[in-house]
Amino acid sequence: MTTAAQFAKDLEAYVADKLSSLDLIKEPEISSADRPEVIRRLKMALKNELEASEVAALWMQSTPEIEIKLALARQVGDEAKHYKLIEKHLHGMNADLSGFNPADGGYGPMFQLLTGFTSTVERIGAAQFTREALALKKNEQFIEFCEAAGDHETADLYRTQIQPDEEWHVHLGREVLAKYANTPELQAKARKAVEAVLDLAIKIQNKQVGDLKVSHAPGC
């Protein structure tokens with residue numbers, strides 16, 4: 001049997017390879033890099049942050065491992081902090097948020113997928129290990145977009161205040177799988193959850209590019 005540590009290492013390489021394909025699903029050139037478009041994408045980020053915080057909060061009560069329960073509590077705070085940082089930043093950009101509610105339209109497909117997982121290895125594998133690695137990739141793309149728009153303040157916000165937290169979330173996912181994915185059955189569950197998130201992420205990016213003309217959008 002593959003050890004839990006080796007399983008986590010191999011799965012991390014698999015996720016990184018799959019996420020690299022997202023660079024192929026984006027505009028070849030950033031043609032609409034302007035301030036209103038940065039604002040539009042930051043509003044999309046508010047919904048992502050809200051849902052990420054809520055998923056972690058939902059899982060806290062039913063997570064039996066105390067160390068993971070507390071780690072989820074930290075993530076709830078991290079995502080809520082990101083929401084407030086972005087909201088404050090939007091106000092500083094004189095963006096009109098009156099009447100804007102990121103919860104309008106209900107939960108997105110990623111939220112629906114994640115809340116269906118019940119075991120710790122599935123949840124952490126899908127969310128912290130994979131969805132947060134996806135967030136790192138998406139945020140890198142958004143930073144690229146902001147730099148092209150000349151919006152160095154927004155790029156710096158993501159680079160210095162949001163990305164470090166996302167890196168910690170991915171680290172959490174790696175550590176949990178390396179400890180708890182210690183049977184073939186649990187490894188199979190974790191891998192299936194990871195694959196489901198990656199498949200959905202590619203579908204969402206294709207839809208955003210096709211319907212919204214957005215690929216360089218922030219994650220969570």
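**View 1. Ser119 and Glu122 meet through their side chains.** The side chains of Ser119 and Glu122 are joined by a polar contact of 2.8 Å (a pair of N or O atoms within 3.5 Å; within protein, one must be able to donate a hydrogen and the other to accept it, and residues adjacent in sequence count only if both atoms are side-chain atoms). This is a predicted model, in which local features need pLDDT of at least 70, side-chain atom pairs count only at pLDDT 80 or more, and totals for chains, interfaces and linings use all residues. Residues are numbered from 1 along each chain as its sequence is written, and side-chain values use heavy atoms, with hydrogens and water left out. You will find Ser119 in the loop between helix H4 (109-114) and helix H5 (120-148); helices are DSSP runs of H or I, at least four residues, numbered from the N terminus. Ser119 counts as buried because its relative accessibility is 16% (buried means under 20% relative accessible area, with a 1.4 Å probe and protein chains only).

**View 2. Helix H5 has a kink centred on Arg131.** The kink is about 30°, where the bend at a residue is the angle between axes fitted to the seven residues ending there and the seven starting there. Of the 29 residues in H5, 25 are buried. After H5 comes Gly150, with a positive phi near 75°.

**View 3. Ala133 sits in helix H5.** With a relative accessible area of 14%, Ala133 is buried. Beyond its neighbours within four places in sequence, Ala133 is in contact with Val15, Leu19, Gln128 and Val170 (heavy atoms within 4.5 Å). Val15 is 118 residues away along the chain, yet its C-alpha and that of Ala133 are separated by 8.0 Å.

Technical notes: Helices (H or I, at least four residues) and strands (E, at least two) are DSSP runs, numbered from the N terminus. Buried means under 20% relative accessible area, exposed over 50%, partly exposed in between (1.4 Å probe, protein chains only).
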